Amino acid sequence: MTLPVLVAIPGPGEARLLAGWEGLRRELVVVRRCADVADVLAAAAAGLARAVVVGADLPGCDTEVVAALRRHGVGVLVLLPTGPEGEQAERRWRGLGVGRFAVQDQDPTRIAREVALTVVADGEPAPAQEAPAEPATGAPGRVVAVWGPHGSCGRTTVAVNVAAELAATGQTVLLVDADTRGASVAQALGLLDDAPSLLACVRAAADGRLDVAALRARAATPATGLSVLSGASEPSRWSELRPVALRRVLEVGALAHDWTVVDLAGGCDDLPEESGRDAALQTVLDSADVLVVVGAGDPVGLQRLSRTWLRLADLVPDALLVPVVNRVRTSSLGSPAVRRTTSVLRRSAGIEDVVTLPHDDAADGALLAGRTVAEHAGRSLLRRALQGLAARVEALADAPVPVEVDDLTSGFDPLLARS
């Protein structure tokens, strides 16, 4: 079986490689010599090749490019220079999600074999074989997404205070503000957010330069055990929150923290989608181990929560769900407010085990002071309810299960038989 390959190697290295492949025409054929990344993506989208060999210094390559090639079923091999420059380039490309490499002065037949190893027999790209940027000391931390229907139901208040309560138990927590419509975590904690640190981390991740040390350098630390990546308060900057790079930020955050709590914009327009304002939302939902779904404690808020809940089986089939109703009060729901809340949600959407957070002036006071509820009113009813919510999240969460990678040496037997 002949393997169709794209080649995009700046400089004279491309000609030397192609000359060395002259005797492998039955096993490997170069269908296009690409001038740039746009040419590579166009050829991959057209289904012309199963693999691509790129030079380590090819301009314009980032996480989005690597992800696009994988979506098109194209395996990627990076040709590295020799010496320290090659080691540095390999670290960057591993950060972009590539796991197969060859050195430019290797035997061309050996390089061809590495190309074949980027592809499996069914046409899908082989999973990357890279090690993490930094070795983890244990299982990766768990990701908690805080989401809910449209409206001001208190998602940010819940996210900030759940993160703070988890940190108060002695665990390390990363709080990420990924709200593309109205980021406000920094304001809630009294932090300066002139330069959104989440966007800085996303840019570094897109270029393969984000590791644990780089993330920690950008994060604020308002309390012991709690780190914060602030979001962009200007909604027009949503396009900078690139989905593939955001997923990398969550992965690196999980390497360095026991928990990553993500505050999200409410509602959705048309999930799932791979582009547009809700693409970042879909990325976080896909990555979440636990999804805290927050609704407002009033008739309109309960109706919106019920409608959102009925969509969750399609949107997040694998996430553990925690329903939360915020600002529960008799004046809005009648008496007894908690019993009415749980009864309505059970009848309308089959929601059980609802966590209710009482309406409490402590929330307003904490926001005014730029502090958490625990710091501002540690003995309040709301603080005790938030402690219970954090304990509920922790009890539900399970460590991720490692995925076993199948043997990748099937397909293109004549080429793989060479050594």
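pLDDT is the predictor's confidence in each residue, from 0 to 100. In this predicted model the protein has a mean pLDDT of 88, and 88% of its residues reach 70 or more. Residues 125-133 fall below 50, and this stretch has 29 contacts in the model beyond near neighbours in sequence, a contact being heavy atoms within 4.5 Å. Residues 399-412 also stay under 50, with 27 contacts beyond four places in sequence.

Because the model is predicted, local features need pLDDT of at least 70 and side-chain atom pairs count only at pLDDT 80 or more, whereas totals for chains, interfaces and linings use all residues. Residues are numbered from 1 along each chain as its sequence is written, and side-chain values use heavy atoms, with hydrogens and water left out.

## Overall organisation

The protein contains 19 helices and 13 strands; helices (H or I, at least four residues) and strands (E, at least two) are DSSP runs, numbered from the N terminus. Of its 419 residues, 52% count as buried, where buried means under 20% relative accessible area, exposed over 50%, and partly exposed in between (1.4 Å probe, protein chains only). Among contacts with a separation of 6 or more, 76% join residues 24 or more positions apart.

## Nonpolar cores

In soluble globular proteins, nonpolar side chains tend to be buried together. A nonpolar core is here a set of buried Ala, Val, Leu, Ile, Met, Phe, Trp, Tyr and Cys residues joined through side-chain atoms within 4.5 Å. The largest such core has 52 residues, and those with the most contacts inside it are Trp147, Leu198, Leu210, Leu229, Val249, Leu264 and Leu291. Helix α8 supplies the largest share of this core, seven residues. A second, separate core of 36 residues includes Cys153, Val173, Val292 and Ala390. Within the largest core, Leu210 is among the residues with the most contacts; apart from residues up to four places away in sequence, Leu210 touches Cys201, Ala204, Ala205, Leu215, Arg248, Val249 and Val252.

| Residue | Helix | Relative accessibility | Contacts |
|---|---|---|---|
| Alanine 44 | α2 (residues 37-45) | 2% | Leu6, Leu69, His72 and Val74 |
| Threonine 63 | α3 (residues 63-71) | 3% | Gly95, Leu96, Ala205, Ala206, Val244 and Ala245 |
| Alanine 188 | α7 (residues 185-188) | 11% | Thr156, Val160, Ala366, Leu367, Gly370 and Arg371 |

The C-alpha atoms of alanine 44 and histidine 72, 28 residues apart along the chain, are separated by 6.1 Å. For alanine 188 and arginine 371, which are 183 residues apart along the chain, the C-alpha separation is 6.8 Å.

## Pocket and cavities

On a 1 Å grid over the protein atoms alone, a cavity is a set of points where a 1.4 Å probe fits but cannot get out, and a pocket is an open set with protein on both sides within 12 Å along at least five of seven lines; lining residues have an atom within 4 Å of a point. Grid points are joined across faces, edges and corners, and a volume is the space filled by probe spheres set on the points.

The second largest pocket has a volume of about 630 Å³. Its lining comprises 35 residues, with Gly154, Arg155, Thr156, Thr157 and Arg327 nearest its centre. Helix α6 gives the most to this lining, with five residues; α7, β10 (259-264) and β12 (320-328) are among the other elements that each supply at least two. By class the lining divides into 13 nonpolar, 14 polar and eight charged residues, where Ala, Val, Leu, Ile, Met, Phe, Trp, Tyr, Cys and Pro count as nonpolar, Asp, Glu, Lys and Arg as charged, and the others, Gly among them, as polar.

There are four cavities of 30 Å³ or more. The second largest cavity holds about 90 Å³ of space. Of the 13 residues lining this cavity, Asp179, Thr180, Leu199, Ala232 and Leu241 are the closest to its centre. Strand β7 (173-178) and helix α8 (197-206) are the elements that give two or more residues to this lining, which has seven nonpolar, two polar and four charged residues.

## Backbone geometry

Most residues other than glycine have a negative phi, and most peptide bonds are trans. Arginine 327, in strand β12, has a positive phi of about 55 degrees although it is not a glycine. Arginine 327 is partly exposed, with a relative accessible area of 29%. Aspartate 353, in the loop between α15 and β13, also has a positive phi of about 55 degrees, and counts as exposed at 58% relative accessibility. The peptide bond from serine 335 to proline 336 is cis, with omega near -5 degrees; proline 336 lies in the loop between α14 (330-333) and α15 (337-349).
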